[in-house]
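Here's a walk through some of the charged pairs, a few single residues and the contact between the chains. Keep the structure open while you read.

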Amino acid sequence: MPDTTSLIRPLVTLRGVEKRYRNGTLAVRGVDLAIGQGEFVSLLGPSGCGKSTLLRIIAGLIDASAGTIEWPSAMHDARGRPERSIGFVFQEPTLMPWAGALANVMLPLRLAGVPKSEAADRAATALAAVGLAGFEKAYPRALSGGMKMRVSIARALVTKPRILLMDEPFAALDEITRFKLNNDLLELWERERFTTIFVTHSVFESVYLSQRIVVMAARPGRVVHDIPIEDPYPRGESFRTSAEYAAQCRVVSRALSEAMAA
Amino acid sequence: MSNEPPIPNADPRYFGLTADGWARVLAPLLVGLLALGAWEWAVRANDVPSYILPGPVEVWNTLLRDWHTLSVSLGITLQITFAALLVAAVLGLLLAVLFAQSRVVELSLFPYAVILQVTPIVAIAPLIIIWVNDVRIALLICAWIVAFFPILSNTTIGLNSADHNLLDLFRLYGATRWQVLTRLRLPTAMPFFLAGLKISGGLALIGAIVAEFVAGTGGSASGLAYRILEAGYQLQIPRMFAALLLVSATGIAIFLVMTLISHLALRSWHESAMTREKG
C-alpha cells in the first residue's frame with residue numbers, strides 16, 4: 001500500500017489553516033492536511049505544537065482564524081459543518097457523574113431527539129462493543145480509569161460517526177491499561193473503519209495504531225512530517241515486539257527530534 | 001488501587017451502629033447530661049430563684065404544662081419559616097437560572113441581591129411591618145430576605161461550574177440552551193443548591209424569630225418569639241427557657257432534615273455524600 005492519501009477519497013481537507021488566539025499567540029500556521037475516508041491518522045508532536053487546537057478546529061469547537069476546512073457536501077449542516085457525524089474523546093473521560101454508564105452513552109442520541117427506548121438499546125450495544133456489558137447502571141465514580149475511558153469511547157461511537165477525534169485519550173492511564181485499550185480500539189476500527197484522528201505525544205502509541213503519522217512542530221504549530229506506517233492489520237502483541245515496529249519507531253522518533261529542534 | 005470502587009464499611013455493628021458511630025452519639029450526649037446535671041445542682045445548692053435562673057427540671061415541667069400554648073406558637077413559627085424557605089428556594093433557583101442565561105442580567109441584578117443580604121434584617125423589619133398590612137405576610141417577607149441569598153448565590157455558582165469539556169460535548173452535538181440547562185447545568189448545580197438550602201433553613205428560622213421580636217404581635221396568632229417576649233415581661237423565666245428550648249430544637253430539626261434531603265439526593269454520585277474508609 002503506497003501513499004494512502006492519494007488513493008483514498010479525502011473526508012476532511014484543511015487548507016492553509018491558521019489559528020491566532022486573542023492574546024496574539026499563533027497556535028497553528030499554514031496547515032494543509034487531507035484525511036482519507038476510513039484512515040487512522042495520528043497527530044504527533046511536543047506539547048504546544050497545536051495538535052489539540054487543530055483537532056478542535058476540525059471538530060468545529062473553535063473557529064480557524066484563516067484557511068478552510070472542507071467536508072464532503074453530503075455531510076453539511078446549515079453552517080457547512082459535518083452534522084452530528086463527529087465523535088470526540090477528550091483526555092479526561094468527561095462523563096456526567098450524576099448519570100450511570102448507559103445514560104452517559106445515551107446522551108448524544110437523546111440530544112438529537114432519539115426516543116428513550118431506542119437510545120437505550122443503541123447505547124447498550126455501544127457499551128457491549130467496548131466490553132462493558134453488565135455495567136449499564138454503574139456510576140462513573142464506581143468505574144476504574146480505563147473503564148471510564150471505554151464509556152467515553154462508547155459515547156463517541158454511539159451515533160455511528162463518520163469521524164472519530166481523540167485528544168490524547170489514554171495519556172492519563174497506566175501502561176497495561178493503555179495497551180489493552182489500544183488493542184480494543186484497533187479491533188473496533190478494523191470492524192467499522194470509522195475515520196480516526198488520534199492526537200498523542202507517544203511515538204510508540206502512534207506507530208502501533210496508525211496508518212499514517214503527521215508530525216508537528218511548535219512555535220508556531222505546523223506540520224513538518226507525514227510518515228506512512230504500512231504494516232498490515234491486525235496488529236497484535238507480535239507486532240509490538242517485532243523488529244519492524246522498532247524500526248518504524250526509530251524513524252518516527254528521529255522525525256520528532258528534528259521537529260523539536262526546528 | 002485508587003481506581004477501585006470504595007470497599008463498604010466492614011466494622012462490626014452493635015444495635016445498627018459501629019463503635020465509632022456509638023461514640024459519636026454517646027460522647028456529646030454524656031457532655032450534655034453532665035452540663036444539665038451541674039446546672040440543676042448549682043441552682044438547687046445556691047437556692048437561685050426561678051425568675052433568675054430556673055433549673056432544667058423546672059424548664060422541662062413548664063414545657064409540658066404550657067405545651068398547649070407553646071405548640072400553637074411553634075406551629076405558627078414553623079409555618080412562617082417553611083413558607084419563607086420554600087419561596088426562597090423557588091425564587092433563588094429561578095433567579096439563578098436567569099443569571100446563568102444572561103451575563104447582563106446577572107451583572108445588573110446581583111449587586112441588589114447583595115444589598116438585600118447585607119442590610120441587617122432588624123433594621124428593615126419595622127419598615128416592612130409598617131408597609132405590609134398582614135403581619136404574617138410581613139414576617140414571611142423578613143424571613144425570606146434572610147434565607148434567599150445563600151440559595152441564589154450558591155445556585156448561581158453551581159450553574160456556572162459545569163465541566164468545560166462537557167459543555168464542548170453538548171455544543172458538538174448541537175444541544176439547545178434548554179438541553180444544556182436541564183441536562184448539564186442544573187444537575188451540576190444540584191449539590192450547590194442543596195448546600196445553600198441547608199444554610200437557608202437555619203437562616204429562615206432566625207429571620208422569622210427576629211421579625212416576630214420586632215413585630216411583637218399579641219393574641220392567638222403569635223409565634224415562639226412573642227412567647228419569649230411575653231414571658232420576659234411577666235418574669236415567667238421558666239416559660240422563656242421552654243420557648244427558647246423549642247426554638248433551638250426546631251433549628252436542629254431543620255438542619256437534620258436538610259442534611260437528610262441532601263444526602264438522599266446526592267448519595268449515588270456526589271463526593272460529599274460518599275462513605276469512605278478511613279486510612
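Asp226(A) and Arg212(A) pair up through their side chains in a salt bridge, with N to O at 2.9 Å. Asp226(A) sits in strand β9 (residues 222-228) of chain A and Arg212(A) in strand β8 (residues 212-217), so this pair ties together parts that are 14 residues apart in sequence. Bear in mind that you're looking at a predicted model.

Now for a pair inside a helix. Glu187(A) and Arg191(A) are both in helix α6 (residues 175-192) of chain A, four residues apart, or about one turn of the helix. Their closest N and O atoms are 4.0 Å apart, and they form a salt bridge. Glu187(A) is partly exposed at 49%, and Arg191(A) counts as exposed at 52%.

Chain B has a helix pair too: Arg171(B) and Asp168(B) lie three residues apart in helix α7 (residues 164-172), about one turn of the helix. Their side chains meet in a salt bridge. Arg171(B) is partly exposed, with a relative accessible area of 46%, whereas Asp168(B) is buried at 14%. Asp168(B) also has a partner on the other chain, since its side chain meets that of Arg56(A) in a salt bridge.

Here are the pairs side by side:

| Salt bridge | N to O distance |
|---|---|
| Asp226(A) and Arg212(A) | 2.9 Å |
| Glu187(A) and Arg191(A) | 4.0 Å |
| Arg171(B) and Asp168(B) | 3.8 Å |
| Asp168(B) and Arg56(A) | 2.7 Å |

Over all chains, the structure holds 20 salt bridges. In chain B, Arg65(B), Asp66(B), Arg227(B), Glu230(B) and Arg239(B) are linked in a network of them.

The largest share, four residues, comes from α3(A). By class, that side of chain A has 16 nonpolar, six polar and five charged residues.

In all, 27 residues of chain A are in contact with 22 of chain B. The chains bury about 2400 Å² between them, 62% of it on carbon and sulfur atoms. In chain A, Trp98(A), Leu111(A) and Arg141(A) lose the most area to chain B, together 32% of what that side buries.

Back in helix α3 of chain A you'll find Met106(A). Met106(A) counts as buried, at 8% relative accessibility. Leaving out residues up to four places away in sequence, Met106(A) touches Lys116(A), Ala119(A), Ala120(A) and Ala123(A).

Is Glu39(A) buried or exposed? This residue lies in the loop between β2 (26-36) and β3 (40-44) of chain A, and at 0% relative accessibility it counts as buried. A polar atom of the Glu39(A) side chain lies 2.7 Å from the backbone nitrogen of Gly36(A).

As for the overall build, chain A comes to nine helices and nine strands. Its radius of gyration is 18 Å, which agrees with the value near 18 Å for a compact globule of 262 residues. Of those residues, 54% count as buried.

Technical notes
Residues numbered from 1 in each chain as written. Chains lettered and ligands numbered in written order. Predicted model: local features only at pLDDT ≥ 70, side-chain atom pairs only at ≥ 80, totals over all residues. Heavy atoms only, no water. Contact = heavy atoms within 4.5 Å. Buried area = accessible area lost by both parts, 1.4 Å probe. Helix = DSSP H or I, 4+ residues; strand = E, 2+ residues; numbered from the N terminus. Nonpolar A, V, L, I, M, F, W, Y, C, P; charged D, E, K, R; others polar. Rg over C-alpha atoms; globule rule 2.2 N^0.38 Å. Buried < 20%, exposed > 50% of the residue type's maximum accessible area, 1.4 Å probe, protein only. Polar contact = N/O pair within 3.5 Å; in protein donor to acceptor, adjacent residues only side chain to side chain.
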